[in-house]
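Work through the exercises below on aromatic rings and the charges placed over them. Each task is followed by a stepwise solution.

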Amino acid sequence: MRTAQHPATRHWRHALAPGGLPLAGHALLMGRKPLQFLASLPAYGDLVELRLGPRPVFLPCHPELVQQVLVNARTYDTGGPVKEKAKPILGNGLITSDWADHRRQRRLVQPAFQAARIAKYAEVMERECEAGSTAWTARRPIDVSHEMLALTARVTARALFSTDMAPHAVAEIQHCLPIVVEGAYRQAIDPTGLLARLPLAANRRFDDALTRLNQLIDRMIEDYKRADDGDRGDVLSALFAAQDDETGGTMSDQEIHDQVMTLLLAGIETTASALTWAWFLLGRNPRAEAALHAEVDEVLGGRAPRYADVPRLAYTQRVFSEALRLFPPAWLFTRTTTEATELGGRRLPPASDVLISPYVLHRDPARFPDPESFDPDRWLPERAKDVARGSYLPFGGGSRKCIGDVFGMTEATLALAAIAGRWRMRPIPRTKIRPRPQMSLTAGPLRMIPEPR
């Protein structure tokens with residue numbers, strides 16, 4: 001166990017990542033096997049330097065250094081090449097906005113995720129989880145990844161745009177979103193920027209899907225403005241009504257558009273990926289699966305779950321927390337220094353890029369004993385209290401922590417409980433899946449067999 005000392009007084013280990021190439025640096029390793037490459041770096045030091053093309057990039061591997069970055073949002077602002085490539089896609093929303101803009105946006109968007117609103121969105125979650133859990137045919141294999149993406153797309157779209165949203169609009173989001181996510185990641189990891197300019201079929205599909213998503217969001221905004229029928233209880237209504245307490249200002253149509261695009265991309269695939277991993281892990285851990293079924297049976301007694309049940313579904317929440325630890329959807333994010341600073345005793349000039357990898361941090365054996373094992377009970381209160389800040393970041397941290405963390409946890413808890421109350425998800429023998437690091441850490445297709453309970 002590493003000795004915990006104050007960051008200013010302890011001796012930090014610095015290292016240069018091995019395997020760099022002239023000009024390309026470590027870009028090829030990051031492009032080919034990013035998870036394996038990043039996971040190998042903590043063995044070399046607490047702060048590891050690598051190069052993506054000619055640019056030096058710093059990876060803090062110790063939670064104290066990670067926490068130092070996250071709590072100093074003004075010094076370590078969002079930035080870097082990934083942000084610059086994401087901005088044309090997401091606009092100037094919560095993920096891509098600079099520090100000052102982000103503070104204002106956070107104040108304006110936060111009311112859309114207050115407890116009373118979450119309770120309202122949970123009504124959508126309840127209906128969609130119930131509908132999804134009853135739509136399968138017993139013992140007919142399903143692609144769990146596809147089903148979870150469909151579920152989270154319906155929930156997020158209808159929470160954003162009210163329960164009256166037309167089914168074809170939900171289907172449009174469900175179709176376009178994976179194409180946009182895949183294309184955005186493909187561009188983000190290209191250090192040259194040339195890939196996006198090539199006349200490739202994948203680029204054409206990406207451009208078409210992004211255009212269709214933007215047009216759909218614009219139509220929704222125009223529909224709301226024309227209707228002018230007050231608060232519909234959804235996110236878009238809250239964004240239109242939001243007023244900055246400090247300035248009295250409201251959001252423009254373009255600002256609302258950018259926040260909606262951000263929430264769609266951040267809120268659908270991430271939760272779907274984590275739910276898919278949860279079913280994969282449960283299918284290979286019968287004791288955990290049995291404990292989940294026992295809790296669901298005790299709390300629900302055979303009925304569908306409701307929002308009021310969420311606090312009592314403690315083991316269900318621990319299952320999801322552990323899936324987030326092993327396979328965090330936000331497996332990598334970046335910060336850029338706005339001024340000269342020091343991190344772990346290393347002087348960083350302005351515009352230095354810092355990578356933070358929850359995937360790496362979550363598998364540190366010094367913080368999580370037997371880190372590769374699936375153990376939901378490591379999130380029991382008496383054990384979870386020992387998890388150091390900066391060690392577990394499924395939703396990020398600091399002032400940029402995901403604004404929809406409670407929404408996502410509520411949705412996932414209801415989904416797991418609804419499905420586990422009705423089905424036992426059987427893995428298909430010899431099925432192999434591997435993490436696919438894109439904008440989120442996806443599983444790819446996962447075929448399982450739903451057996452009635």
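A charge sits over a ring if NZ of Lys or CZ of Arg is within 6 Å of the ring centre and within 35 degrees of the ring normal. The model is predicted: local features need pLDDT of at least 70, side-chain atom pairs count only at pLDDT 80 or more, and totals for chains, interfaces and linings use all residues. Residues are numbered from 1 along each chain as its sequence is written, and side-chain values use heavy atoms, without hydrogens and water.

**Exercise 1.** Find the rings over which R232 and R325 lie.

Solution. Step 1: R232 lies over the face of Y224, 3.8 Å from the ring centre. Step 2: the charged end of R325 is over the ring of F368, at 5.4 Å from its centre.

**Exercise 2.** Classify the pair of Y121 and F407.

Solution. Step 1: rings of Phe, Tyr and Trp (its six-membered ring) pair if their centres lie within 6.5 Å; planes under 30 degrees apart count as stacked, over 60 as edge-to-face and the rest as tilted. Step 2: the structure holds nine aromatic pairs. In Y121 and F407 the centres are 5.8 Å apart and the planes at 55 degrees, so this pair is tilted. Step 3: both Y121 and F407 are buried (under 20% relative accessible area; exposed is over 50%, partly exposed in between; 1.4 Å probe, protein chains only). Step 4: ring pairs link F113, Y121 and F407 into a cluster.

**Exercise 3.** Classify the pair of W277 and F327.

Solution. Step 1: W277 and F327 are 3.7 Å apart centre to centre, with 10 degrees between the planes, and the pair is stacked. Step 2: W277 is buried, at a relative accessible area of 1%, and F327 is buried at 10%.
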